[in-house]
Amino acid sequence: MQTIYSVIETLKNGGAELKVYERSFTEHEGVRLVMIKQNGIKALLAEGTGALSEALDGEAVQGGTVPAKLCPLTHANRLTLNRFLPYTAPRAFGTQISTIGLGDRLGIASPGHIQTVSGKDIRPILAQQSIRELNLTGRNYKEVLDAACYAAFQEGYKDGFGADGDHLKVEADIEMALGLGFTMLTLDCSEHIDNTVEGLSEAEILAKYELVSADVRSRYESKYLNRTFEAAGTGFAFNALTLAKNVLIYAKAIDYMEHVFNKYIQTAGREIDFEVSIDETLTPTDPASHFLIAEELYGRGVTLFSMAPRFCGEFQKGIDYIGDVARFEEELKIHAAIADHFGYKLSIHSGSDKFTVFPMIGVHTKGRFHLKTAGTNWLEAMRVVAKTNPDLYRRMHAYALEHFGEATAYYHVKADLNAIKPLDSVSDSELPDYLNEDDARQMLHITYGILLQAKDGNGASLFKDEFFRSMDDNEQAFTDALIAHIGKHVQLLGK
């Protein structure tokens, strides 16, 4: 790296405030490349002649004995990095290793995530965003994937990371995500799951079932009616009522899963980790329903990376598991055994901060799980703001309280605003304690989009610009916070 340092010294002597990310340094066929941050803006510094340097867009800089250029972190330059340095591109992982979805809503958390999992027996899905999250943050999938790829380069991380088109429902979004290079698809089947069946009487269920086409009824009845299936050490039986109920709730969702698999996953021309989500139901997923869905899919030639059932109890945002832990563990054992029987991984959604149940997830899945987290990274960012810019934190906290009701249109949480200590009773040094209290955590957790998009009467950002300046000024503090918090997840999961 000696020769490139002369260019860096020239940039410093020019008055630039400059940071070098030394883990990023790499050489490729005569070109030396490193990431730097100059006056708060990250860029690639390339030195030498070769195909990589020629392919990168940038401006020439002086100071060394060979040509050098400073290249902005654009989408085009990211694609160039992916082409020449494959470790900077996302990949699929299959079913034999633990994965954790890290949902970086801000585009700045992935370096901390990488440092957290580096050297561990678990792989990060760095880019993981739903359309809802994109709409609330004002980002797009190109930006999400660009940030993840550049983070892998910055950290020199070569163990591999994934990119998840999270909770996608419609085919246009699926096609877009896969076209951009996403390596995982989480198919949200909620619009094809009939939640009106729960609560109906037996007679109403059977009457509604009679309205299902004869072909569909015949297919399911010939395979499942009055039969018991032995799998995962458990017997799964379907009588007329339980079969009718499962067909009414899940048959259309199963058809949609099969359609998406055949149209998009099978034809992608590369490995895609295909997850199906059935957790958007009014009641927990019965293990027999889980089995029937998997049996149908695999009978139709559909193979899965993972399936996400709805577990008993509550997996609310940003706080620990709520519910009967013993019952959860008993049902987890069966769900994990079903997944193992078919060969896919069990997926746990809204999985951040569920510290009570993490150890049993790690044990009963035999380490073959996918865990999704997202908003907890935003909360760690707010913790950094509370410690380093208390005035900004107070303004954001007050605005979140005022607009909390708007955010509940997107998220269901238990937060009791009356239980949150009034701001004027809390000293600056005590502000980070809000991030340790469930009600305040959930209030801040679900208002991220409202806070990031808030504007004053002139259309200027109320918080976003100052927030990102504060995060940039405290880059290492945010990394340290993520290593501690996400690291606790990884450790309790047994990784």
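**Sheet, core and salt bridges in a predicted model**

Modeller: Strand 1 and strand 2 (residues 31–38) run antiparallel, and seven bridges join them. This is a predicted model, in which local features need pLDDT of at least 70 and side-chain atom pairs count only at pLDDT 80 or more, while totals for chains, interfaces and linings use all residues. Residues are numbered from 1 along each chain as its sequence is written, and side-chain values use heavy atoms, with hydrogens and water left out.

Biologist: What makes strand 1 and strand 2 a pair?

Modeller: Two strands pair if DSSP finds at least two bridges between them, and strand 1 and strand 2 are joined by seven, so they count as paired. One such link has isoleucine 36, in strand 2, as the bridge partner of valine 20. The strands themselves are DSSP runs of E with at least two residues, and helices are runs of H or I with at least four, both numbered from the N terminus.

Biologist: What is the order of the strands in the open sheet, and why do two of them stand at the edges?

Modeller: Five strands, paired antiparallel, follow the order 1-2-3-5-4. Strand 1 (18–28) and strand 4 (59–61) each have a single partner strand, so one side of each is left without a neighbour in the sheet.

Biologist: Which residues touch the most other members of the largest nonpolar core, and why is it said to lie between two domains?

Modeller: A nonpolar core is a set of buried Ala, Val, Leu, Ile, Met, Phe, Trp, Tyr and Cys residues joined through side-chain atoms within 4.5 Å. The largest one holds 130 residues, of which Phe274, Phe328, Trp378 and Phe467 touch the most other members. Helix 10 (residues 240–265) gives the most to this core, namely 15 residues. The core lies between domain 2 (88–376) and domain 3 (377–491) because both give residues to it, the domain bounds coming from an automatic or database domain assignment.

Biologist: With which residues is phenylalanine 467 in contact, leaving aside neighbours within four places in sequence?

Modeller: Contact means heavy atoms within 4.5 Å, and the partners of phenylalanine 467 on that basis are Leu106, Trp378, Ala381, Met382, Val385, Leu392, Met396 and Leu452. Another core lies apart from the largest one and has 15 residues, including Leu52, Leu81, Tyr87 and Tyr150.

Biologist: Why is the link between lysine 42 and glutamate 475 called a salt bridge?

Modeller: The term requires a side-chain nitrogen of Lys or Arg within 4 Å of a carboxyl oxygen of Asp or Glu; the closest N and O atoms of lysine 42 and glutamate 475 are 3.4 Å apart, so the pair qualifies. Lysine 42 lies in strand 3 (residues 41–47) and glutamate 475 in helix 20 (residues 475–492), so that distant parts of the chain, 433 residues apart, are linked.

Biologist: Is glutamate 475 buried or exposed, and how does lysine 42 count?

Modeller: Buried means under 20% relative accessible area, exposed over 50%, and partly exposed in between (1.4 Å probe, protein chains only). Glutamate 475 has 16% and is therefore buried, whereas lysine 42, with 25%, is partly exposed.

Biologist: How do arginine 395 and glutamate 466 meet?

Modeller: Their side chains form a salt bridge with an N to O distance of 2.9 Å, linking helix 15 (residues 390–402) to helix 19 (residues 464–473) across 71 residues. Arginine 395, at 31%, is partly exposed, and glutamate 466, at 21%, is also partly exposed. Elsewhere, salt bridges that share partners join Lys223, Asp255, Glu258, Glu295, Glu296 and Arg300 into one network.
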